[in-house]
Amino acid sequence: MLTFLDRALRWSSGLMAAIALFAIMWLTLADVTGRKFLSHSVPGGLELTEVLMVVVIFGALPLVSLRSEHVVFDTLDAFVPAWFKGLQARLVHLICAGMFAFMAKLMVQRADRFSEYGDVTLHLQLPLSPVAWLMAAFLLVTALVHLLFLVMPLTATQADEPTGEGSAS
Amino acid sequence: MIEASIGFAAVFIMAALRIPLAVCMVTVGMGGLALLRGWQPALASTSQVIFETGFAYVLSVIPLFVLMGNFVARAGMARELFQAANAFVGHRRGGLAMASIIASGGFGAICGSSIATAATMTRVAYPEMKRHGYRDALAAGSIGAGGTLGILIPPSTIMVIYGIITETDIGKLFVAGILPGIVAIVCLCLAVVVVTWRDPAAGPAAERHSWPERLRALRNVWGVALLFALVIGGIYGGVFTATEGAGVGAGGAFVFALLRGSLTPRALLEILQESARTTAMLFTILIAAMVFTSFVNFTSMPNDLRDFIVQFSPEPIMVVVMMMVIYILLGLVMEELSMVLLTIPVFFPVITGLGYDPVWFGILIVTVIEIGMISPPVGMNLFVINALLPKVPLNQIFRGVWPFVFADIVRLGILVAFPVISLWLPGFMG
Amino acid sequence: QTVLTVSSWLPPTHTASVSQQKWCAALEQESKGGLKCNILPKAVAAPPGTFDAVRDGLADVSFTVDGYTPGRFVFAQIAEFPFLGDSSEATSVAYQRIYQKHFVPLGEHRGVKVLGVFTHGPGVIFNTRKPITSAADVASLKFRIGGGNISELSKAMGWNVTLKPATDSFELLSTGVMDGTFLPDESFASFKLSMVKHVTRFPGGLYNSSFVFIMNPEKYKGLSAEHKAVVDKLSGEYVARLFGQGWDALDKTSREGLQKELGVQPVRASEAFVAEVRAKQSGLEDKWAAAASAKGLKDPKAVLDEFRAEIKKVN
Ligand code: NA
Ligand code: NA
């Protein structure tokens with residue numbers, strides 16, 4: 001189940017985050033070379049970067065939660081009795097689910113505020129409320145990932161090894 | 001002061017229960033703000049902070065430098081840097097740890113971020129140290145501390161931020177960081193000597209390299225030298241800004257990885273996703289720290305600290321010393337960017353009022369930030385290593401880093417006592 | 001005693017922050033200590049978020065630039081147009097009068113209590129390369145600009161400009177990424193732009209920016225009648241004059257002090273140059289008039305004329 005979910009997220013929100021990051025890189029390069037050699041920078045490049053940043057950060061968030069990559073203090077682990085660990089882990093996931101869902105709700109409110117005023121970006125006139133909606137959607141998926149851990153057997157916490165075997169090169 | 005202290009205590013109690021640090025900081029920050037200003041402002045502020053931090057052009061340097069580090073690692077360039085350093089010092093006790101510090105210094109010259117430098121060197125140096133029987137504590141400690149050279153040796157994202165909020169010459173700050181960077185490398189290597197002198201098994205000696213081997217290894221760093229020339233040359237030559245330099249650096253590293261045949265479409269996707277995940281992890285903490293900061297902003301803490309400092313004004317150097325003590329203590333428990341954003345507006349006028357040089361103070365600030373990034377319990381570099389090495393427990397990393405924290409404090413003392421180290425090189429600029 | 005929480009996104013030494021501090025001092029004095037400001041060490045929000053932060057009560061008092069939230073405030077664009085005037089104080093006071101008469105009833109700044117509106121000094125062209133005497137000279141170099149009308153105008157003129165925050169000016173110019181920047185005279189001193197060698201000034205300024213000084217409406221409603229009267233007394237033209245005078249003073253110190261000292265060569269834009277800009281600007285004014293009338297403003301062109309006449313009158 002978790003392996004399946006990991007793959008599903010990697011090919012959906014994770015893929016979006018990856019493409020967005022690659023796009024930021026090319027955008028910066030195009031902006032710099034355009035300015036230097038064609039004496040014209042990419043119009044609204046700064047704003048596009050900002051939108052793409054949102055996709056990078058929030059798109060990769062469900063995967064971070066799924067792989068339990070959030071920073072956690074494990075200092076007291078040795079003192080926690082074994083019988084309590086399962087309960088503790090579920091409680092923590094419940095709190096995380098609640099918090100990320102609440103954040104999603106806050107971003108929906110922000111989206112409403114943006115559409116109330118008709119806020120747009122400066123140059124390209126991109127409306128801001130869909131950007132806040134996007135944040136809300138990714139945060140909600142993250143909350144669902146934590147909820148899933150509530151019902152999953154704990155041994156499966158490490159879905160599969162992180163794929164970053166960059167150490168090999 | 002009381003409200004802020006309760007807030008810090010609450011964060012740590014929650015964190016000790018194994019709740020992710022970011023969730024603790026958001027909860028306490030939002031709750032504290034609600035108590036001070038009411039619920040509606042607290043919720044509105046939180047949503048605003050989330051949006052502003054996520055939708056920020058300047059912060060795009062973080063994912064780009066992380067990405068650059070991952071491409072460089074994939075192209076094997078950081079490894080070459082490490083091998084060159086290793087060829088010279090690896091045969092000594094703790095030599096691989098020293099090599100990783102020196103290589104971090106070299107990598108810091110093409111990378112503006114402490115976190116990205118630590119992430120890159122973790123991939124390159126940790127497996128080597130593990131293979132030679134190094135203790136996890138020493139390996140993680142030296143990589144974490146070496147990573148902070150990324151913000152001291154130019155280019156540096158922190159110097160850009162300091163320069164903007166204090167209106168200090170960023171070019172001078174960059175140049176000022178070079179000599180202190182060399183002092184830092186020496187101090188950190190001495191810390192390795194002390195650690196392996198007390199516990200020789202922590203870092204056994206590796207094989208000795210002959211001089212022809214050393215020179216060959218040195219020749220291999222041309223890739224790094226080229227990237228350095230591209231990024232630094234581009235920034236100084238007026239082709240792009242430091243922020244854009246991160247994108248150009250990532251692009252250059254991408255080309256290198258491509259030319260060396262180490263990039264399949266699958267590998268590319270993995271690198272991109274991994275960089276995005278590291279970014280998401282870092283931004284979750286950054287956003288949470290910003291929410292917590294907006295709570296502290298409403299408490300009396302910043303002004304109380306200033307009042308405390310100002311009573312030392314008759315003895316100006318004591319003001320600086322006390323400030324550094326406060327920063328080291330705050331650095332234990334705070335995320336460094338929030339610490340700077342919160343305190344610089346109240347501290348900086350005091351420093352310039354006493355007639356001290358803002359460039360020198362900037363170098364001191366970078367140094368206390370470096371200390372904060374590796375001092376437990378809240379140290380971003382340690383978290384990055386922890387994320388990349390899931391098998392090494394966080395408290396092993398905490399244990400290993402202390403000698404390097406002390407070495408950094410000694411270096412801070414040297415920089416306070418001898419401003420000329422920071423100010424000599426920028427003195428030649430206009 | 002009532003404490004107002006006050007925030008500024010500019011450094012505490014910047015003229016706008018100083019004017020705000022002066023406003024606080026006047027408030028305390030007029031209310032005989034009954035009203036007091038708590039000026040926060042760090043801004044509650046980034047510049048674009050300041051309006052919402054005051055609306056939501058995170059801060060009680062702050063100021064913001066209307067153009068930082070594009071799409072929200074159409075009427076305020078009137079204060080961004082070229083050739084308005086050489087004095088921030090005069091432009092600000094006239095803007096405040098027009099604002100009170102025509103814009104307040106339409107409630108564009110809904111959700112906050114507006115204490116006053118103001119503008120900065122006339123916008124100039126700074127550059128590090130050569131004296132700029134024509135539109136073609138501008139087109140031959142790369143410039144940093146802020147947003148708003150000047151961004152539209154630059155597009156229409158075919159100039160090579162990039163949108164970057166004003167705080168990036170130093171880095172952009174010192175590294176040579178950009179050749180120049182459009183800013184008021186004050187910024188030369190504020191951002192320490194010592195690499196600038198030439199400045200081109202236009203009669204009345206090439207552009208301007210509209211600022212609004214705001215208060216949380218709930219906080220205002222909660223004040224006693226006596227304290228409300230104090231705040232009212234320190235609103236409107238008082239605000240426009242206070243911030244405008246501060247800006248004029250700093251523009252002057254920068255122009256006649258630091259810029260002279262560092263040998264910045266001034267150029268006065270010729271009639272022909274001004275005419276070129278004016279020709280392109282007229283199209284933008286038509287566009288603005290259409291947008292403003294869609295938002296309920298009757299006869300926007302007449303309001304614009306009235307605004308220009310009012311500035312002359314105040315002068
Ligand atoms: Na660096
Ligand atoms: Na810290």
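Start by selecting strand 8 of chain C, residues 180-184: 5 of its 5 residues are buried, so the strand is mostly covered. Buried means under 20% relative accessible area, exposed means over 50%, and partly exposed lies in between (1.4 Å probe, protein chains only). Strands are DSSP E runs of at least two residues and helices are H or I runs of at least four, both numbered from the N terminus.

This is a predicted model: local features need pLDDT of at least 70, side-chain atom pairs count only at pLDDT 80 or more, and totals for chains, interfaces and linings use all residues. Residues are numbered from 1 along each chain as its sequence is written, chains are lettered from A and ligands numbered from 1 in the order in which they are written, and side-chain values use heavy atoms, with hydrogens and water left out.

Strand 5 pairs with strand 8 in the antiparallel sense over 5 bridges; pairing requires at least two DSSP bridges between two strands. Pick C:Val124 and find C:Leu183, its bridge partner in strand 8.

**Chain B: the sodium site**

Select ligand 2, a sodium ion. Its donors are B:Gly331 (O), B:Met334 (O), B:Glu336 (OE), B:Gly372 (O) and B:Val378 (O), at 2.2 to 2.7 Å. Donors are N, O and S atoms within 2.8 Å of the metal, or 3.2 Å for Na, K and Ca; water is not among the atoms, so sites may look incomplete. Along the chain the donor spacing reads G-x2-M-x1-E-x35-G-x5-V.

B:Met334 counts as buried because its relative accessibility is 4%. B:Glu336 is buried too, at 2%.

Next, pick B:Pro376 and B:Pro377. A cis peptide bond joins them, with omega about 0°. B:Pro377 sits in the loop between helix 20 (358-374) and helix 21 (380-388) of chain B.

Move to chain A. It has 5 helices and 0 strands, in the pattern α-α-α-α-α. Of its 169 residues, 51% count as buried.

Areas come from the Shrake-Rupley method with a 1.4 Å probe; for residues, only the protein chains shown count as cover.

Select A:Leu87, A:Leu91, A:Leu94, A:Leu140, A:Leu144 and A:Leu147. They make a nonpolar surface patch of about 550 Å². Helix 4 (82-117) and helix 5 (129-151) each supply at least two of the patch residues. Within helix 5, stop at A:Leu140. This leucine is partly exposed, at 44% relative accessible area.

Patch residues have over 30% relative accessible area and no salt bridge; like charges are joined within 9 Å, and nonpolar side chains (Val, Leu, Ile, Met, Phe, Trp, Tyr) within 5 Å. A salt bridge puts a side-chain nitrogen of Lys or Arg within 4 Å of a carboxyl oxygen of Asp or Glu.

**Last stops: two loops**

Pick A:Ser68, in the loop between helix 3 (45-66) and helix 4 of chain A. Its phi is near 50°, a positive value in a residue other than glycine.

Finish at A:Gln125, in the loop between helix 4 and helix 5 of chain A. Phi of A:Gln125 is near 60°, again positive in a non-glycine residue.
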